[in-house]
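Okay, everyone, let's have a look at this one together.

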Amino acid sequence: MGGTEVSCVYNASRGKFGDLLKSKDCSRNGRATKASAMQIYNWLEYNEGLAPKGYIFHEFHSDGAIVTMNALKMSPPYLREKIMILSTAPGFHIKNGLC
């Protein structure tokens, strides 16, 4: 698979209780974390080298759904249109129209 690039954003755990509070706050209030900001940065950087009809494949699980949802909400529409997502055991549902 030539031309494939992989990047990762790690969202550190704060323990079961801390993760639950953070997830609840971020999903209900749309509060973005450093991980959401880093994800947007990665998408923008990757988009610079994309072909006009290229796309970004983004895979995540659990709390990554909340990070991704908030990153998508803060991203410009032209970028969101190029992002395809695959969620495994998401911590939150991302609506179809968001990307």
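By a polar contact I mean a pair of N or O atoms within 3.5 Å; within protein, one must be able to donate a hydrogen and the other to accept it, and residues adjacent in sequence count only if both atoms are side-chain atoms. Here, the side chain of Ser36 reaches the backbone oxygen of Val67 at 3.1 Å.

Quick housekeeping. This is a predicted model, where local features need pLDDT of at least 70, side-chain atom pairs count only at pLDDT 80 or more, and totals for chains, interfaces and linings use all residues. Residues are numbered from 1 along each chain as its sequence is written, and side-chain values use heavy atoms, with hydrogens and water left out.

Back to Ser36, which is found in helix H2; helices are DSSP runs (H or I, at least four residues) and strands likewise (E, at least two), numbered from the N terminus. Is Ser36 buried or exposed? Buried, at 1% relative accessible area, where buried means under 20%, exposed over 50% and partly exposed in between (1.4 Å probe, protein chains only).

Now the core: buried Ala, Val, Leu, Ile, Met, Phe, Trp, Tyr and Cys residues joined through side-chain atoms within 4.5 Å. The largest one has 13 residues, with Trp43, Ile56 and Ile83 among those with the most contacts inside it. Helix H2 (34–48), strand S1 (56–62) and helix H3 (64–74) each give it two or more residues, and H3 supplies the largest share, four.

Last stop, Met84: this residue is found in strand S2 (residues 83–90) and is partly exposed, at 43% relative accessibility.
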